[in-house]
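Hello,

Here is the structure we spoke about. My notes follow it.

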Amino acid sequence: MALRITLGLPTDTPKVHAPFTAEQVALLGRWQAAPIAAHMRCPRHGDVRRKSSDLVPDVSGWRCAFWTPDYPDVACSYTVDWAYVGMLDEHNVRSLEEMSVDVVEVSFDDDSDEPLSVFSNCDLLLSFHDTVDLDWEEVAERSALDERRGLVITQSTALEDLLGDVILQLERPNDPETRRSELDQWMIGKRLNRVESLLASGASPDADRSFPREELWAAIRRRNELAHGNITRVISEAYPRPDGAGKTQRVEWHLVDRRTRGSQLITMAGLREDVYAAIAAYTSLLRWAAANPGD
């Protein structure tokens, strides 16, 4: 998601009421077209359907041009008969236009409001054979676990970038940009191995001893486990309750490594600890880099 800087409406200036001149209407239209400016919007629609809630100026004031394809004949009746003096200043409007950058979100091109759900391979297989038996609670649990697993992996990516900076700090190459391009092709484990070899060959004993290698390797191992694992729901056989009548059935989620086929329990609380551990490893490396800037 691109970072947007938006300048607010000039509420510190007086209001001017309609009717507006043709020149004033043109200035208000340019204000509304400036991406960096806060626009006059219809409060009934907020930000729905992107820019369709922007008010449109004319000589009699502002009107809402919102419409929906579901009801094309129904128009919004919201109007405003004033504007701030600061919006009618040619210098202000030109400055906004010069500062504005039109952000095009290429990757966020899905305008559908339909929620997406994640199905297991078993769910899809059953659906393919016309035997639909989707457990929506299972779908929700899987989606929540996948989202939190993604947070751990994303945090580890930030750690990977910092390790690249540490390599440059220790190597001090003549062409840092070329070296950075080379490091961008390395996985996180290879980067950490390179840092350790540099410490072993030329760093001071204190720098080598204080390097947070255990934290870093633990974060990397966990990142690889999560990135290379499949999340699978496991339901146990019902067994008698130890504290009374009836039976108990455990429902667990396991992380199954695609390479080794090893399985381990995965929980939301455990993933929270993984996020914190990755952040702690990043912070420790940052402190070490600040304390050991090199020769």
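Predicted model: local features only at pLDDT ≥ 70, side-chain atom pairs only at ≥ 80, totals over all residues.

First, the strands. β2 covers residues 55-58 and β3 covers residues 61-64. They run antiparallel, joined by four bridges. Two residues lie between them, and the two strands form a hairpin. β2 has two faces: Leu-55 and Pro-57 are on the covered one, Val-56 and Asp-58 on the uncovered one.

Next, the aromatic rings. A pair of this kind is described by the distance of the centres and the angle of the planes. The count comes to two aromatic pairs. In one, the ring centres of Trp-82 and Tyr-84 are 5.2 Å apart. Their planes meet at 70 degrees, over the 60 needed, so the pair is edge-to-face. Trp-82 and Tyr-84 are both buried.

The other pair is Phe-211 with Trp-288. This one is edge-to-face too, at 5.1 Å centre to centre and 80 degrees between the planes.

One last item takes us back to Trp-82. Lys-15 lies over the face of that ring, 3.9 Å from the ring centre.

Best wishes

Note on methods. Residues numbered from 1 in each chain as written. Heavy atoms only, no water. Buried < 20%, exposed > 50% of the residue type's maximum accessible area, 1.4 Å probe, protein only. Pairing = 2+ DSSP bridges. Phe/Tyr/Trp six-rings, centres within 6.5 Å; stacked < 30°, edge-to-face > 60°. Lys NZ or Arg CZ within 6 Å of the ring centre and 35° of its normal.
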